Amino acid sequence: MTFGNPFGLALYDKRQREVTSSAAQERPAVQPRQAQPATQHQARASTAAEPSAQAAAPASQQDPGLLPLDAATIRTLHGAIRQLPRPLLEALTHEVRTPLATIRTLIRSLLRRADLPALVRQRLQQIDGECSEQIDRFGLIFLAAELQRQPVAAAAEQQPLARTDLARLLGLLEPAWRQQLQRRSLGLGLRIAADLPPVLSDPSRLETVLGGLVDRFSRGLPAGAEVALSLQPAGVRLKLRLSASGTDLPGPEGGREADLPSAERIGPVLSWNPGTGSLQLSRQATQRLFHSLGGRLAERAGNDLTVFFPVAPG
């Protein structure tokens, strides 16, 4: 029995295999014009299926949280964040800062132990620095959102300005800023003129706002660059200037990450860069923060930023 297959018996009988082989040689060949298109179609189908199967395999093994967002999802997120009322934004920043502050407190309690290995102590100090940086960032967002709900005149009258030794404050903040920039492979240079008079500002908030300014300025700078801070007199004001030096710096048409054309504003307070995922204060919110502290922020194209503070009378 061959079950309808003329070659079926050849599987069991050696003589039948010989007869079948000779019969196959005498049989006329099938016309190639009819077989060739089917063969090419099957080849193209198998070739097209192999890359898709190869591409689908790694994607299924990836973590869904690491996959890039598509344009529709990004637009949906932007619309949802823009519709958030500012009190809710303040509540979200509070909910982020609270657990980070708890983690930092626990880490600092561990750092008091004298029996910690050097590597463990180093890792704990890095975590402490990251927690402090994020706490300050979200505290600045909270402050900017709070100012945004108030009229400009009312915000200026609510916080009275006092004499502030800006030169001394910069000297105290330099070690923390240096460590923060070193985590991004950046350097810091501070140059302060001698015998500078105090300025009119709010010392309770100036430290946080200046830290946010350094963070905003340094984001997007390539590794190996150096951030230079200088404080010098400028008539009836003191001029605090931030500039960057090094190789591979963006040109005047590039600028800092927060001011690039790819950065999208999320309401009047925040800006977001879809390419890097960086979320920070917008230019408008930063200018209003310094205005509430008695300063005036002036930004130039490229890597140059200046803040003017009024000199305290008498």
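A residue counts as buried when its relative accessible area is under 20%. By that cut-off, buried residues make up 33% of the 314 residues in the chain. The model is predicted. The chain holds nine helices and 10 strands. Among contacts with a separation of 6 or more, 68% join residues 24 or more positions apart.

Helix α5 covers residues 118–148. Two packing partners of α5 are described here, α9 and α8. Helix α9 spans residues 283–292. The axes of α5 and α9 lie 10 Å apart, at an angle of about 80 degrees. Angles of 65 to 115 degrees count as roughly perpendicular, so α5 is roughly perpendicular to α9. On the α5 side, the contact is made by L140, L143, A144, L147 and Q148. On the α9 side, Q284, A285, R288, L289 and S292 take part. By class, this contact has six nonpolar, three polar and one charged residues. Within α9, the buried residues are A285, T286, R288, L289, F290 and S292. Just after α9 comes G294, with a positive phi of about 85 degrees.

Helix α8 is formed by residues 203–218. Its axis and that of α5 are 10 Å apart, and the packing angle is about 110 degrees. This pair is therefore also roughly perpendicular. Residues E133, D136, R137, L140, L143 and L147 of α5 meet R205, T208, V209, G212 and D215 of α8. The contact divides into four nonpolar, two polar and five charged residues.

Helix α7 runs over residues 166–182. At 1.5 Å a residue, its 17 residues should span 24 Å. The end C-alpha atoms are 23 Å apart, which agrees with that expectation. Buried positions in α7 are L166, A167, L169, L170, L173, W177, Q180 and L181.

The loop between α7 and β2 contains S185. This residue has a positive phi of about 60 degrees, although it is not a glycine. Most residues other than glycine have a negative phi. S185 counts as partly exposed because its relative accessibility is 45%, which falls between the cut-offs of 20% and 50%.

Strand β2 comprises residues 187–192 and includes R191. R191 has a relative accessible area of 54%, so it is exposed. The cut-off for exposed is over 50%. Leaving aside neighbours within four places in sequence, R191 is in contact with L229, S230, L231 and Q232. R191 and G171 are 20 residues apart in sequence. Their C-alpha atoms are 9.7 Å apart in space.

D195 lies in the loop between β2 and β3, the latter being residues 199–201. Its phi is near 55 degrees, again a positive value in a residue other than glycine. D195 is exposed, since its relative accessible area is 80%.

Definitions and conventions
Residues are numbered from 1 along each chain as its sequence is written. This is a predicted model: local features need pLDDT of at least 70, side-chain atom pairs count only at pLDDT 80 or more; totals for chains, interfaces and linings use all residues. Side-chain values use heavy atoms; hydrogens and water are left out. Helices (H or I, at least four residues) and strands (E, at least two) are DSSP runs, numbered from the N terminus. The expected span of a helix is 1.5 Å times one less than its number of residues. Buried means under 20% relative accessible area, exposed over 50%, partly exposed in between (1.4 Å probe, protein chains only). Contact means heavy atoms within 4.5 Å. Axes are lines fitted to C-alpha atoms, for helices over the stretch in contact, and angles run from 0 to 180 degrees between N-to-C directions. Angles under 35 degrees count as roughly parallel, over 145 as roughly antiparallel, 65 to 115 as roughly perpendicular and the rest as oblique. Ala, Val, Leu, Ile, Met, Phe, Trp, Tyr, Cys and Pro count as nonpolar, Asp, Glu, Lys and Arg as charged, and the others, Gly among them, as polar.
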